[in-house]
Amino acid sequence: MLSEFLVITVGAILVNNFVLSKFLGICPFLGVSKKLDTALGMSGAVIFVMTLASLVSSLINSFLLVPMKLEYLQTLVFIVVIASLVQLVEIILQKLSAKLYESLGIFLPLITTNCAVLGCVVLNAKSAPESIQSTWYGATIYGFCSALGFALALILFSSLREKLDLADVPEAFEGTAISLVTAGILAMAFLGFSGLV
Amino acid sequence: MSEETPTIQLPDPAKLVVSNSPHMRDKPTINKIMFTVVAAMTPALIVAVLFFGLAALEVLVLCTLSCVLAEEGWNKFMKRPSSWKDGSAILTGLLLGMNLNAGAPWWICILGGFLAIILGKQLYGGLGYNPFNPVLVARVGLLIGFPGLMTTWDKPQLGVMGIDGVTAATPLGLAPGETFIKDMVLGNVGGCLGETSVLALLIGGAILIAFKLIKWEVPLMFIGTVFAITGIAHLVNPEVYHSPFVHVFSGGLMLGAFFMATDMVTSPMTHKGAWIFGFGCGLITSLIRLWGSYPEGVSFAILFMNALVPLIDRSTIRKPFGFTAPAKGEA
Amino acid sequence: MSDKPRKFKGGVHPNDSKALSAHKAIQEAPLFDSYKVIMHQNIGAPPELLVKKGDTVKKGSLLANASGFVSVPLHAPTSGTIKAIDKVPGPTGISVPCIEITADGEDEWGSPLEPIADWKTTDAAVLKQRIWDAGIVGMGGAGFPAHVKLSPPEGKTVDTLILNGAECEPYLTADHRLMLEQAEDVVLGAAIIARVLGLKTGIIGVENNKPDAIEALNKVASKYNIKVQGLPVNYPQGAEKQLIYAVTGREVPVGKLPMDVGCVVQNVASAAAIADAVVKGLPSIERITTVTGKPLVEPGNWKFRIGTPVTKALELAGGITEQPAKLLLGGPMMGIAQSSLNVTVMKNTSGVLLISQDEVSQYTSEPCIRCGRCVDCCPMQILPATISQAVENKRFDWAERLNVMACIECGSCSYSCPSHRPLNQQFKRAKIEIQAGLRKKG
Amino acid sequence: MSTAIIAIIAVGILGALLGVIIGVVAKAFAVEVDERIEEVTELLPGANCGGCGYAGCADFAKGVVSQSATPDQCPVASPEDVAAIADYLGIVAEEKDKMVALVRCSGDVPNTVRSLYNGVRDCRSAVLVAGGAKGCDYGCLGFGSCAEACPFGAIEIKDGLAIVHKELCVGCENCVAACPKDLIIMVPEAATTHVYCNSPEKGAAKRAVCKTACIACRKCVKASGEEDHMEIDGFLIRTNYENPPGPELVEAAACPTTALRIDTEHAKGAYAGESK
C-alpha cells in the first residue's frame, strides 16, 4: 500500500513528469513561464484544478459512468467537469486577486483545454481496476502529484527563463526558440530519474 | 627649482583616460582562471593517458579541437569577436574528453564538442550566460542518443599504448562485494577517462580549492551526501548495495564534484547556495545510483541542479552588512 | 570592548605601492604666484561669497561665509588680491566657481581667529564654534563639515570617538606621515574632539602596515588619554562602517549614520587641523597631500595651501618620466580621474596620483562568469554580480531589492572582477536612479 | 435506445448541476468592469511609451475614463484619434500643436574636444565619471541614452552626437528625461531653425572646446531685425519658440560657428562647423 503510494507520487512528480517526459501541457509550460510570479500563480491554479478534477471525475466515473455503463462518455463528461471547474477558479480568482488574474490572462481559460488535466483524469479512469489509482483517493493523490510535477517543471523553467532574459542570446534564438532548447535540456536532466520506480 | 623648470615634463591632458574608480584591477582574468583549471586537471589527464594509452590522447585532442573549432566557427558565423583564447572552450573540450571513454569513435568526440559549445553555450549567448554546464549537456545528450557506445568501457592497460577492444565494466556495474578500492584510488579501473584515478582528481581538486577557484562547499557536500546516503543503504542491505567507499571512489563522482559541479557559470554564487547545491547533487546522484535505471547519476544530478541554480540564487540573497529588519521602525 | 580588532567580512588586498612616498618627510610647499580656491569644498550648501574682484585679502581672512548649518566658511590661503571669480574644473570634472588669488608674496597674516590657549577649560560649545569658524571638513575624502558630525541631534548619544588613520587606499601616505611627524597634533585634536563630545577618551584606528606611526602615536597618546588601535590590513578598512565594526563590533544599519550606533568618526588629518584651529587659531587653509605615482620623478608628501594648482604640485614632484594613463585626485580605489590639469588641491584632496600606462590599460568589459569573487570581497555583503546584471538590464527595482543602496562604492568588486566589469559605476548609476525615483514619488 | 436516453439524462443533470453552481458562484464573486476602459484602450495608439505619464496605454485609458486625464495628453495619438476618443466619451477635445524633440548640441566628434573614456557606454553612467569625459560640460555625450529611450527610433547617434529625426518623432518626451545633461527640449514641429548649443559659458571658453558652439555674436539677432525671432540668454542665443524664425534666417545670419542650423539639414549632417 505505502509503496504503491510512493510509486504514484515519485512517479508522477519526477519520473513520469507530465511536462518533461509525457510532453503534456506544453502550451502553458511555454506560455506562462516568462516570470516566476505568474508561474507560481499558474502552478497554484493547475494544482487546484487538477486535484479537484481528478477527485470529481473519479467520483463521477466510478459512481455514475461505470455503473450506468456509460464509459464511452468519459472524455465528454470529463471535459465538461474540467471546464466548469476552471470557470469557477476564474470567477473566484478575479474577485480575490485581480493582479494574478490579469497576469494569468488567457492561460487560465486555457487550463480547460490543457491536455495535462484531461490526460491526468483519463489516465486515472483508464488505470487497472485493482490499482490504487482507480480509487477516488488514489486518483486524487495522482492528480495532485501530477500537478506538483507540472508545477515543479514550470517553476524551474520560469526561473531559468528569467535568467535567460538577462542573457545575450543570438537574435535568431531569442524567445521561444531558446526556451524550447532549454526545455529539451531540462527534459534530458529529468530522464536521469527513469527507472526510479 | 627655477633652473629645473624647463626640463620638468607634465602629463598631456589629451591623453588622460577618464574612468570610474577603482583605477586598479586585480590580476586574474578569465583567461588566467581557465588555464589554472586546466593546469589543475593535468594530473588526471596524465593518468588517463598512462592508463588508456594513445587512444585516450586521441579522444582528448579530438574533443578539444572540436570545441575550439565549434567556438571559432560560431564566432565567425555570428560575426562575434574571437573567444577561444579565453580558454573556456579548451577547458570544455578537455572535460568532455574526460567524460568519454578511450574507445569512443572519433565522430562521438566531434559531435560532443559541437553539442557542448553550440547547444550548451553559444546558443545562450556565450560564456557566462549558459544555465547548464556545456560538458554535461553534451555528455547527457550523447548518453541518451548512443547509450551503447557511451556505456561500454575499455579496460585500462597500464603501459600498453593502444587499445585492442578489451572492455570492462565500471565498478558500479559489478555485483556488490567485489570491491577493489586500491585500484579505484589509483585509477586502474574501467570507465571514462576522468572516472579512473581518484588520486589525480583529488590533487586537481586541492589545487582548485587552494587557488580559490571553486567553492569547497560544493565537492564536500556532494561527496559527503553520496557517502552518507549510500552508507545508510549499505548498512540496511549490504547484499544489494555497494559499500559507500565504492560509491565515493568510483564513477564520475570525483570528476563531477571537483570539476563539473563547481563550474562557476552554472553553480550558485553564494556560499550558502553552494551548500544547498552540493547537497542536491549528492542526493540525486545517490537516488539514481541506488534505484535508477542508469548506473551513473552524477551527470544527471548536476544537470538537474543547474536548473535549480536560479531558484537557489534567489533564495540565498544574503543580508547586507548592518541589515536591520525594515519593520523595526526606529526614530 | 575587546582590544583585539574585529575583521570585517570581505575586502581585498591590492598592491599598496606606498613605498613610493612613505619614507618621504612632509615638505612645506613654497608660496606660489596664484591660487584658485574652489568655492564649494564641503558637502552641503556652498558658502556665501564675501569678496569681489580686485579686493585685497590677507592670509587666513574670510573669503566666504557659511550659508547654513551644513556649510563651512572659506579662508584665503595667502595674502594678495582677488584676480577673478572664475571657473575651474572641479573634482568631478564639471566646471565650478573658484576664487583666483594673485599672491603678493608677503604672506601677511590676517586671520580673524584668536588662539584658544586653554582648551581644557573652554566650553565645548565655544570649541565647536571654533571648529566651524575654521572651516574644517572631513579631510579624508568626503568633505563633510566637521562641526556637523560633532553635533548629535537630540535623542542620540555618542559614546565613542574614533579617529580614522587606517589610510587603506593604496599609494596614499599623507595620513601616515602626518601621524608619524605630527603625532602630538593628531592626539591633541582627538582630545579636543572628545571634549566637544563630552567624552573622556577616543580611539585612533591605524592599519598595522604603519607600525612606526602607531609607535609615534602611542608615545604621546597616554598624555591625552587617547588609545591607539592597530587594525588588520584589509581594504576598505578605512570605510566608516567597517572601521566602526573593527573597533567596536557595532554594525551601522543600512542607510544610517555612525551616530546611530553612538560613534563619531573623524579623519586624523581633520583632527590635526582641529588642533591647529583651536590652539593656533589657524583656519583650514592647508593640508598634507601625497603626490605620487610611478610616472613621477620624485613622489612625496607636501603641505599645500588650499587652492594650489595641481600642475604646481606635479612640478614639485619633479614632473613625469612617461605619459601617465590617468590623473587622479584621491587614491586609486575611490579617487576621481581627471581630464584636465587645471584642477586644484582642495580641503579633501588626500592625494594627487598619476597611474602609469602599464598599471591600467583600457579594459573592456566581458560577460560575468559568476565566479563570485565580488561576492566574496564585498565588505557590505551584497551581491555585486547579480546587481550588475539587473542594472545592465535597467531593472533598478531589482537592484534596489538586492540592497544596492547599501553599497559604499569602495570599488572592491570592480577591483577583483576577472571580467573587468564596471560594477562600481553601475552601482553609482543605480543609486542615483533609485534616489531620483524616490524623489519623484515624493 | 434506453442507453441513449440514460446518457442524455445523466449528462443533462450533470450539466445543469454544474451550471447552477457556476451561476451561484458567479453571482457571489461578481466583479464590475468598466467596458469603456477597454474601448478607449482600443482607440489609443498602443505604443505603451509612457509619454502621457501613465504606465502604458491601458492605464492611461483608465485615467481618461475616470476623467483624471484628457485624451490629448497622449503625445502619440493623432488629432483624429484624440477626437475619436473624446467623441466616444462625450467630452470636448482640445487642439494642440504637435511638439518634437530637439537635442540642443552640435558637438560631434570632429568638432569637440573629448577625453578618452573607459566605462559603461551609456550617458547616464558616463556622466558620473568626470562629468562625461567631454571638453564641454553641457554637450551631448553621444552614448545614446536618449536613442535607447525612444520607442520610435527617432534618435540617431552620428559621430557621437544625438540627432533627432523629426519626421519619426511623435513627441512622447521619453528622451527628455533620459538625457543627463538636460539637452533635449520639446519644440513646435513647425519650427525649423534652432540654435544647436546649450552652453552658458563665455564665448572664449566654449570656443576652446567646441568648434560649433554659439558664441553669442548676435548676428542672427541682428538678421532677424524687428521680428524678435531670437532671444539673448547670457552668453547664448536661443530661438524664440513663440515666434520661431524660418529657414531663411540661417543664410541671412551667416552664423560663424554654424550653431544656427535648419533641423532637416542638421539631420543630414550638412554642417561642418567653424574651420579653424
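Modeller: Strand β5 (residues 62-65) of chain C pairs with β6(C) in the antiparallel sense over two bridges; strands here are DSSP runs (E, at least two residues), helices are DSSP runs (H or I, at least four), both numbered from the N terminus, and two strands pair if DSSP finds at least two bridges between them. Within this pairing, C:Leu62 stands opposite C:His75 in β6(C). The sheet is open, its three strands follow the order β3-β5-β6 (chain C), and the pairing is antiparallel. Its edge strands, β3 (48-49) and β6 (74-75) of chain C, each pair on one side only.

The model is predicted: local features need pLDDT of at least 70, side-chain atom pairs count only at pLDDT 80 or more, and totals for chains, interfaces and linings use all residues. Residues are numbered from 1 along each chain as its sequence is written, while chains are lettered from A and ligands numbered from 1 in the order in which they are written.

Chain C also touches chain B: 64 residues from chain C and 39 residues from chain B take part in the contact, where two residues are in contact if their C-beta atoms, placed from the backbone, lie within 7 Å. Among the elements giving two or more residues to the chain C side are α8 (310-316), β15 (326-329) and α13 (423-441) of chain C. Chain B itself has 13 helices and three strands. Elsewhere, 13 residues of chain A are in contact with twelve residues of chain D. Helix α4 (residues 74-96) of chain A gives the most to the chain A side, with nine residues.
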